[in-house]
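Keep the 3D view open while reading.

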Amino acid sequence: MWDRFELAPDPPPSGGLDVAAVLIPIYEDGHGVTRLVLTKRPDTMPTHAGHIAFPGGRPDPGDDGPAGTALREAYEEVGIPPEDVEILGYLPPIHTVEFKLMVVPVVGRLPGPPDLVPSPREVVRVYQPSLEHLADESRWRYEDWNGHRVWFYDLEGDVLWGATALMTRRLLGLSAY
């Protein structure tokens, strides 16, 4: 199942851009269903307020590249221990429209359902959708925005959209455009 993802073995070069990283945590629940971990950011956050996102952010000086940043952020935001994550590889980076920033998606496998501990400062809700539901093309819609196709997905009454939606579609091998 895990080999169906088309992942790069190494992170991409930054090309001089500011770099952030997110962890795309994947696990199989106790019923053979493969799931992702996504979070909703509080409306009080200075950036991406109220957005659904993968755990992640900008690097700290001690981080060991994008994987180190993604692992640290996932631990800080939802309590996923870095040692529990097997890094599977990297999706193509996303250049965000809102900020001049390159976001590196780091895909990691968890050994089973995680015991999540959301940080109340950074997370107001956790989602654990199945890949099967996310892969259903009929559940997606898009709009053109300033020459960019922006994808939207209704996720339990909230909206997954923007860079996180594009990362999700790329992970699942769905058309990005």
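Arg-149 lies over the face of Tyr-142, 3.6 Å from the ring centre. The charged end of Arg-141 sits over the ring of Phe-152, at 4.4 Å from its centre. A charge sits over a ring if NZ of Lys or CZ of Arg is within 6 Å of the ring centre and within 35 degrees of the ring normal.

This is a predicted model, where local features need pLDDT of at least 70, side-chain atom pairs count only at pLDDT 80 or more, and totals for chains, interfaces and linings use all residues. Residues are numbered from 1 along each chain as its sequence is written, and side-chain values use heavy atoms, with hydrogens and water left out.

**Aromatic pairs**

Rings of Phe, Tyr and Trp (its six-membered ring) pair if their centres lie within 6.5 Å; planes under 30 degrees apart count as stacked, over 60 as edge-to-face and the rest as tilted. The count comes to four aromatic pairs. Two of them are tabulated here.

| Pair | Centre to centre | Angle between planes | Class |
|---|---|---|---|
| Trp-140 and Tyr-153 | 4.8 Å | 50° | tilted |
| Phe-152 and Trp-161 | 6.1 Å | 10° | stacked |

Trp-140 lies in strand E10 (residues 140-145) and Tyr-153 in strand E11, so their pair ties together parts 13 residues apart in sequence. Helices (H or I, at least four residues) and strands (E, at least two) are DSSP runs, numbered from the N terminus. Ring pairs link Trp-140, Tyr-142, Trp-151 and Tyr-153 into a cluster.

Buried means under 20% relative accessible area, exposed over 50%, partly exposed in between (1.4 Å probe, protein chains only). Both Trp-140 and Tyr-153 are buried. Phe-152 is buried at 14% relative accessible area, whereas Trp-161 is partly exposed at 36%.

**Nonpolar cores**

A nonpolar core is a set of buried Ala, Val, Leu, Ile, Met, Phe, Trp, Tyr and Cys residues joined through side-chain atoms within 4.5 Å. The largest has 28 residues, and Ile-24, Leu-36 and Leu-171 have the most contacts inside it. Elements giving two or more residues to this core include strand E1 (18-28), strand E11 (148-155) and helix H3 (162-172). H3 gives the most, with five residues.

**An open sheet**

Three strands form an open sheet in the order E4-E3-E9, with antiparallel pairing. Strand E4 (52-53) and strand E9 (125-127) stand at the edges, each with a single partner strand, so one side of each is left without a neighbour in the sheet. Two strands pair if DSSP finds at least two bridges between them. Strand E3 (residues 38-40) and E4 pair over two bridges. Thr-39 has Ala-53 in E4 as its bridge partner.
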